[in-house]
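The text moves from helix packing to the sheets and then to the chain as a whole.

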Amino acid sequence: MITIGVTALSGQIILIREFFTIFYGNELSIGLVLFLWLLGGSTGAYCGGKSAAIVRDRGFSTVIAGHLLVSLALPAALIIVRLARCIFGIPLGEMPGIPVMMAAGIMSFFPLNFILGFMFVCAAKEHAVEADTGRIASAYFFESLGAVAGGIITGIALVRYFNNFTVAWMCGAVNAVIAFAAAGMAGVVQRRWRVAAGIVGIAFLGMTVTGIQKMIDRYTIERKWQGVTLLASRDSLYGNVSITALNRQYTVFSNGLIASSAPDPLTAEESVHFAMLNCPLPQDVLVIGGGIGDAIQEILKYPVHEIDYVELDPLIIRLARRYLSGQAFFRLNDRRVRCVEADARFFLKTTDRMYDVVIMNLPGPSTAQINRLYTREFYEELARHLKPAGIFSFPVASSENYRSEE
């Protein structure tokens with residue numbers, strides 16, 4: 001029961017994180033993912049409850065088989081999510097529609113959660129029979145205990161040090177080991193399941209030792225970014241960061257959204273010079289996001305004393321230093337540039353610095369996290385850090401054939 005809970009929460013965390021890099025992680029995609037997740041689990045639980053005869057006669061065998069299926073289904077679900085662009089022909093940079101999101105979710109999340117839901121009912125009924133009480137309250141307790149443990153271990157610890165596929169692989173291997181141990185405890189009757197679990201466990205171990213697991217990981221990541229040269233793709237506590245190259249154009253993606261692209265002097269000039277030229281003597285400048293590209297290079301053309309570059313995810317800065325430091329537009333090594341790894345709103349609430357110019361280079365408010373920086377409250381907080389003649393500049397997407405009241 002504990003393993004079911006751990007697997008369910010760990011699988012949900014890593015699959016949702018991976019899903020965001022394809023479908024941009026806004027509230028709509030979050031809602032669809034959770035809907036399909038709950039639909040799969042509830043459908044599996046319903047079918048498990050209706051299969052009373054199977055559960056009564058082969059309850060323990062069903063649980064063992066479920067662990068073996070989950071050990072394979074979890075890595076497979078993550079692979080399907082990564083290959084969604086290839087499967088549905090989604091061009092890089094295009095936001096897929098709801099039907100594609102639904103189809104990808106059904107293919108990946110639904111089967112895994114169906115198995116977990118079916119397993120839970122079988123395990124709960126088997127527990128009630130073994131306890132000879134007919135009560136299954138303790139089964140819910142142990143499953144919930146596993147869910148809490150899975151959330152803490154995966155959401156706080158594992159995602160800091162391993163990418164999503166490695167975590168899925170580890171969860172799959174754990175389920176194979178649990179199936180092997182459970183079949184051994186069941187005695188001679190479950191010997192065939194013990195052999196099957198041993199084969200699956202050996203396969204996991206062999207593919208890990210020989211490097212096949214890393215090859216699958218690398219292949220699926222490259223397929224996810226097909227059409228461009230992938231320089232790096234890493235997972236951090238905040239999500240996925242990828243750096244791609246195409247015809248000497250370098251782009252940094254954060255959870256599938258373009259965080260910065262360079263060289264792009266036209267965009268950098270527009271984002272920087274309109275603000276800088278409106279300030280009589282710009283000396284202290286704050287840059288929120290987008291500092292990996294040409295923006296800082298353009299700011300350094302002015303007699304500035306210091307530039308604070310605030311970036312939420314430190315992995316963006318770390319990967320940029322490793323893969324882009326040799327490019328002409330890269331200026332984070334300049335002595336006047338200070339990199340601040342923090343949330344922009346938190347930084348402004350905790351600093352007492354005043355700025356002549358604040359330049360925000362972020363995508364449009366397509367997610368709740370980014371939308372926090374397009375609010376009245378954020379502007380009021382930021383205004384308290386502007387000098388009397390200070391300037392704040394930020395981008396707003398527009399279309400030449402649409403005008404709203406705003």
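Helices α1 and α6 cross in the right-handed sense, where a crossing is called left-handed if the near helix is turned anticlockwise from the far one by less than a right angle, and right-handed if clockwise. Helices (H or I, at least four residues) and strands (E, at least two) are DSSP runs, numbered from the N terminus. This is a predicted model, in which local features need pLDDT of at least 70 and side-chain atom pairs count only at pLDDT 80 or more, while totals for chains, interfaces and linings use all residues. Residues are numbered from 1 along each chain as its sequence is written, and side-chain values use heavy atoms, with hydrogens and water left out.

**Helix packing**

Helix α1 covers residues 2-23 and helix α6 covers residues 137-161, and the two pack at an angle of about 40 degrees with their axes 6 Å apart. Axes here are lines fitted to C-alpha atoms, for helices over the stretch in contact, and angles run from 0 to 180 degrees between N-to-C directions. The pair α1 and α6 is therefore described as oblique, since angles under 35 degrees count as roughly parallel, over 145 as roughly antiparallel, 65 to 115 as roughly perpendicular and the rest as oblique. From α1 the contact (heavy atoms within 4.5 Å) draws on I2, I4, G5, V6, L9, S10, I13, I14 and R17, and from α6 it draws on F142, E143, L145, G146, A147, A149, G150, G151, T154, G155 and V159. By class, the residues of this contact between α1 and α6 are eleven nonpolar, seven polar and two charged; Ala, Val, Leu, Ile, Met, Phe, Trp, Tyr, Cys and Pro count as nonpolar, Asp, Glu, Lys and Arg as charged, and the others, Gly among them, as polar.

Helix α1 also packs with helix α2 (residues 27-50), at an angle of about 145 degrees and with the axes 11 Å apart, and the crossing of α1 and α2 is right-handed. In α1 the residues A8, G11, Q12, L15, I16, F19, F20 and F23 take part, meeting S29, I30, V33, L34 and W37 of α2. The contact of α1 with α2 has ten nonpolar and three polar residues, and no charged ones.

| Helix pair | Angle | Distance between axes |
|---|---|---|
| α1 and α6 | about 40 degrees | 6 Å |
| α1 and α2 | about 145 degrees | 11 Å |

**A residue in helix α5**

F110 lies in helix α5, which spans residues 98-131. With a relative accessible area of 24%, F110 is partly exposed, a class that lies between buried (under 20% relative accessible area) and exposed (over 50%), using a 1.4 Å probe and protein chains only. Leaving aside residues up to four places away in sequence, F110 touches L36, L39, G40, T43 and G105. F110 and M1 are 109 residues apart in sequence, and their C-alpha atoms are 20 Å apart in space.

**The two sheets**

Four strands form an open sheet in the order β1-β2-β3-β4, with antiparallel pairing, where two strands pair if DSSP finds at least two bridges between them. Strands β1 (229-236) and β4 (257-262) stand at the edges with a single partner strand each, so one side of each has no neighbour in the sheet. From one strand to the next the twist averages 15 degrees. Strand β3 (residues 249-254) is joined to β4 by five bridges, and F253 stands opposite I258 in β4.

Another open sheet has five strands in the order β7-β6-β5-β8-β9, and its pairing is parallel. Here β7 (337-341) and β9 are the edge strands, each with a single partner, so one side of each is left without a neighbour in the sheet. The twist in this sheet averages 20 degrees from one strand to the next. Helix α12 (residues 314-323) packs on the sheet, touching β6 (306-311) and β7, and its direction makes about 135 degrees with that of β7. Helix α10 (residues 265-276) lies across β5, β8 and β9, running at about 155 degrees to β8.

Strand β8 (residues 355-360) is mostly covered, as six of its six residues are buried. Four bridges join β5 (residues 284-288) to β8, with I288 opposite M360. Strand β8 also pairs with β9 (residues 386-393) in the parallel sense over four bridges, and the bridge partner of Y355 in β9 is L386.

**The chain as a whole**

The chain has 15 helices and nine strands, and 48% of its 406 residues count as buried. Its C-alpha atoms fill a box of roughly 85 × 45 × 40 Å, taken along the principal axes.
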